[in-house]
Amino acid sequence: MDNYNLVEALVSHMSDIDEKQLLLYAQMANLVNLILQLPNIDIKEIAENFSKFACNAHTICDSELRSLGTGLYPVISIINHSCLPNAVLVFEGRLAVVRAVQHIPKDSEVSISYVETAASTITRQKTLKEQYLFTCTCVRCNKLGQYDDIQESAILEGYRCRDNGCSGFLLRESDEKGFVCQQCGLIRNKEEIRKIASDIKALSDKALKCSSSGNLQEAIVLYKNIEKLQKEVCHPFSIILMRTREKLLEILMQLEEWKEALAICRLTIPVYERVYPGFHPLLGLQYYSCGKLEWLLGETDDAIKSFTKAVDILRITHGTSTPFMKELLMKLEEARAEASFKLSSREDSYITL
Ligand SMILES: C[S@@+](CC[C@H](N)C(=O)[O-])C[C@H]1O[C@@H](n2cnc3c(N)ncnc32)[C@H](O)[C@@H]1O
């Protein structure tokens, strides 16, 4: 590396990590020493670099945010985290690009998110503390414990009301026997929820085994059953239900079950809009998937709407000059051309009649 002095300046948190982790880094450093056999090697420095890597490295993704590996970008590592960031980090090949997703006033700090933002405050804070060793005090985290934050967490990771027509969220009853809907007051029995949760767990274990062993047909059946059970217990805007649908979508796409895939993709959109608001790349990409499925299935007008929404977001997060964006813009143009061709053929047939 030409600019090792930048690595030297990175935060390592060596004094904050626990003994078990320290020992692991020391063992890894010894292994490096054994392999390299260099004279004057500083084992402590190598151990410290492992620690630096853990809290400064970024996941390198392709344009569709599929993970490709991990890399240390010392200049990008200057950027702090926020759960409501004003910028995103994307990769163009190996090149790391930070793009603003909102107006950033002069002299204010640029922030990106180190973690999945679609999670409750407690979950986000736990991940940040464990991996990056700090307590986040961003605008979202500062609401921890306030009614809005409790409501948001209960919607994202909690349970739904027993009445299917009610969109309320549930909180634990003071005597811990069940959960009370904060909208209609209905009580949901703890045992009923526990039973469904344990059925979901058993099915999830099986589904995971099936999908990793390539038994996709069986996996689909199991994920559909999981989705059915989760719909009974999870709030309609639950991210747990959303993750199951993402898994279903992924397998349906692999099996080329386009119609069912589109139905599932459409179900995820309102949840994505809620949990990835503004110019979030994941929302843009979900619109893009939706558009591709609609176009494939001949639903050209809907495809144009979805591609347009994808372009509106992804031109901000991904720029407009990458091959990925050029392909999306071309698809939008082709869909528009197809729609006008369909329209003119319809008009021609009216004239003939
Ligand atoms: C990639 S570095 C960011 C740059 C770092 N602040 C520095 O000065 O070198 C990640 C580390 O920065 C600190 N950090 C990042 N975001 C933070 C935030 N929102 N609040 C407090 N500390 C933060 C944490 O110590 C974290 O482990």
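Start with two helices. The axes of helix H6 (residues 190-212) and helix H7 (residues 216-233) come within 9 Å and cross at roughly 160 degrees. That makes H6 roughly antiparallel to H7. The H6 and H7 crossing is left-handed.

Before we go on, some ground rules. This is a predicted model: local features need pLDDT of at least 70, side-chain atom pairs count only at pLDDT 80 or more, and totals for chains, interfaces and linings use all residues. Residues are numbered from 1 along each chain as its sequence is written.

Now the terms. Helices (H or I, at least four residues) and strands (E, at least two) are DSSP runs, numbered from the N terminus. Axes are lines fitted to C-alpha atoms, for helices over the stretch in contact, and angles run from 0 to 180 degrees between N-to-C directions. Under 35 degrees counts as roughly parallel, over 145 as roughly antiparallel, 65 to 115 as roughly perpendicular, and the rest as oblique. A crossing is left-handed if the near helix is turned anticlockwise from the far one by less than a right angle, and right-handed if clockwise.

Next pair. The axes of helix H10 (residues 281-296) and helix H11 (residues 300-317) come within 7 Å and cross at roughly 155 degrees. That makes H10 roughly antiparallel to H11. H10 passes H11 in a left-handed crossing. Residues in this contact (C-beta atoms, placed from the backbone, within 7 Å) include Tyr287 and Trp295 of H10 and Phe307 and Leu314 of H11. They divide into 11 nonpolar, 5 polar and 3 charged. Here Ala, Val, Leu, Ile, Met, Phe, Trp, Tyr, Cys and Pro count as nonpolar, Asp, Glu, Lys and Arg as charged, and the others, Gly among them, as polar.

How do H2 and H3 cross? The axes of helix H2 (residues 19-36) and H3 come within 8 Å, at roughly 120 degrees. That makes H2 oblique to H3. The crossing is right-handed. Among the contact residues are Tyr25 and Met28 of H2, and Ile46 and Phe50 of H3. The H2 and H3 contact has 9 nonpolar residues, 3 polar and no charged.

On to the strands. Three of them form an open sheet in the order E7-E8-E9, with antiparallel pairing. Two strands pair if DSSP finds at least two bridges between them. The edge strands are E7 (170-172) and E9 (187-189), each pairing on one side only. The twist averages 35 degrees from one strand to the next. Strand E8 (residues 178-181) is joined to E9 by 3 bridges. Phe179 has Arg188 in E9 as its bridge partner. H6 comes back here: it packs on the sheet, touching E8 and E9, and its direction makes about 55 degrees with that of E9.

There is a hairpin too. Strand E1 (residues 58-61) and strand E2 (residues 67-71) pair in the antiparallel sense over 4 bridges. Between E1 and E2 lie 5 residues, and Leu65 in the turn has a positive phi of about 60 degrees. Ile60 stands opposite Gly69 in E2.

Definitions and conventions. Two residues are in contact if their C-beta atoms, placed from the backbone, lie within 7 Å.
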